[in-house]
Amino acid sequence: MTSPDEVLQGLYDETLVGNAPRVLELTEEGLALGMEPQSLLFDALIPSLEEVGARFERGDFFVPEMLIAGRAMAGAMERLRPLLAETGVETVGKFLMGTVKGDVHDIGKNLVNIMLEGAGFEVIDLGVQVAPEKFVAAIEEHQPDIVGFSAFLTTTMPMFKANMNALEKAGMRDQVIVMVGGAPVTQEYADAVGADGYAADASATVKRAKALLHEKRSKVPA
Amino acid sequence: MPVALVACGAIAQPVAEIVERRGWPVAVHPLPPLLHNQPHLIADEVRDLARALALCHETVAVAYADCGTYGALDAVCAELGLRRLPGLHCYDLFAGESRLASFLDDEPGTYLLTDFLVRSFERTVVRELGLDRHPELREDYFRHYTRAVWLAQDPTPELRALADGAAATLGLPLTVVETGHRRLEAALEALLGGSAAGTDSAPLR
Ligand code: B12
C-alpha cells in the first residue's frame, strides 16, 4: 500500500517526466487514501510544474518535455476539478484568456491556464486568433476580473494595442485588469501598450495576477 | 578570405552556393540551425563567433534575420559594428516581407517550410518537437494549423516528395510557392556590398 508521502513524491516525479497515466493512477490512489485534492495539487502537481518551468528556463527541458508534463498535470486536473469545486473554496478570481488575432501559438498560453487553474482561478479560454470584438463580447458575457492577451509573433504583438483600444471604446477598460504575455513580450512593451501587468512565465503570471487582484480589491471602498 | 559571414545554419547552404557562384571572397561560417528554437541563445553565439572571426578577417557580416531574438541580435550588431540581413526571419528572405505577411494574413494557420526544413524535417521538426517520441503531441502543436506553405527555392522532384511527406506528417495540405533565391541573393549583395566585390566602398569592419 502506498503512503500519502509516496503518493506526493510519485505525483511530483511522474509529472516531471510527463507520465500521464501514472499521474492519474497516483491521483486516484491519493484520493482513495483520503488525501485532500488541494494537497495533491499544492504539495505535488503545482511544485512539479514549477520545476518543469525552471528547467525550461535553464535550458534543461525543451518544449516537448514541457508539453508532456503539462498534459500529465491537465489529466490530474480533470479528475480533481469537480472535487475542488465541491470543497466550496471560493475561486481566487475569473481570468479570461486568449491568443490574439492572427496568431495560433498557444502552448505558453495553455500552460499559463493550467497553472492559473491550479492556483484557484476560474479560467475561461477563448482559444487562438481571438479578435478584439470577441474579447469585448466575452468580457461582457463573463465579467472577468482579469483578461489576458497572449502573442508570440512580432507581427501579432501590435494586436495588444488594438485590443486595448477596443476595450476603451467599449467603455470597459476600467472594469478589467489587463495582462499580456508571450515569448516576444517584455515589461517595456506591456507598459507601452498600457497593460496593467506582464509576466514572463506561468508561475510569475499566477503571482502577478494575484497581486494585481489584491491591489484592485483593496482600492475598492468596502 | 577578407570577408567572413556568420550564417544561420538554416540558410548557410544557399548562402554558400550564391557566394561561390558569384565568386565573392567570402568565407561562410554556419551556426547550428537548431538555435532557431532557442532564439535567446542566438545573439551570444553570433557575438562569440564574430569576435573570433574578426581576428583573421577584415570584415565580418551576419547572415541572419532577426530570427526571434526580438532585437538582441541587432544590439550585438550595433555593439560590434556589424550588419545583418534584413527581415524578421529567413522566410522573409525567400518570399519577401510583404508576400510572407500576406500568406499569414490570408491564413493565420500557415506553417512555413523551406528547402532546408523539408530536407531536414525529421531532425529539425519531428525530433526537435518530440513528435517521434510523443506522436500525440502533434495535436498540441498543430491543432490550429490549416496548411503548410513550402517556400520552394529549388523544387526538384526529390524535394517535392519530401515536402509532400512533411505536410502529410503534419496532417496539412501543401501549397507550393516557388521563390527561388533571387531575394536572398539581392539581400546578400546589399549586405556584402563593396567589401565582397573588393571595392573601396564603406567596409563593414
Ligand atoms: C513551439 C514553437 C512553435 C510551434 C507552436 C505550437 C503551438 N501550438 O503553439 C510550431 C512548431 C507549430 C510553431 C510554428 C511557427 N513558429 Co514558432 N516557435 C515555437 C518555439 C520553439 C517555442 C514557443 C513555445 O511554445 N515556448 C514554450 C512556452 C511555454 O513558452 P512561451 O510561449 O514563452 O510562454 C510562456 C510565457 O511567454 C508566458 N505567457 C504566454 N502567454 C501568456 C499570456 C499572458 C497574459 C501572460 C501574463 C504570460 C504568458 O507564460 C508561458 C509559460 O511559461 C519558439 C522559439 C522559442 N523558444 O521561443 C518559436 C517561435 C515563437 N516561432 C516562430 C516562428 C517564426 C514560427 C512560424 C512562422 C514558423 C514556420 N515554419 O511557419 C510558425 C508560426 C506560424 C503561424 N501561423 O503562427 C518565431 C517567432 C519569431 C518572430 N519574430 O515573430 C520563434 C521565436 C522562433 C524563431 N527563432 O524564429 N512554432
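Predicted model: local features only at pLDDT ≥ 70, side-chain atom pairs only at ≥ 80, totals over all residues.
The ligand lies between chains A and B. Its cobalt atom has a single protein donor, the NE2 atom of His105(A), at 2.6 Å. His105(A) belongs to the loop that runs between strand S1 (93-99) and helix H5 (107-118) of chain A. Among the 46 residues around the ligand, those that come nearest are His105(A), Asp106(A), Thr154(A), His36(B) and Pro108(B).

By class, the shell around the ligand comprises 29 nonpolar, 13 polar and 4 charged residues. H5(A) provides the largest share, with 5 residues. Elements that each supply at least two shell residues include helix H4 (63-86), strand S3 (146-150), strand S4 (177-181) and helix H9 (202-219) of chain A, and strand S4 (110-114) and helix H8 (137-142) of chain B.

In chain B, the loop between strand S3 (59-63) and helix H3 (72-80) contains Cys67(B), and Tyr70(B) is also placed in the loop between S3 and H3. Cys67(B), a residue other than glycine, has a positive phi near 45 degrees. Tyr70(B), likewise not a glycine, has a positive phi of about 50 degrees. Cys67(B) counts as buried because its relative accessible area is 12%, under the 20% limit. Tyr70(B), at 36% relative accessibility, is partly exposed.

Conventions:
Residues numbered from 1 in each chain as written. Chains lettered and ligands numbered in written order. Heavy atoms only, no water. Helix = DSSP H or I, 4+ residues; strand = E, 2+ residues; numbered from the N terminus. Buried < 20%, exposed > 50% of the residue type's maximum accessible area, 1.4 Å probe, protein only. Donors = N, O, S within 2.8 Å, 3.2 Å for Na, K, Ca; no water. Near = heavy atom within 4 Å. Nonpolar A, V, L, I, M, F, W, Y, C, P; charged D, E, K, R; others polar.
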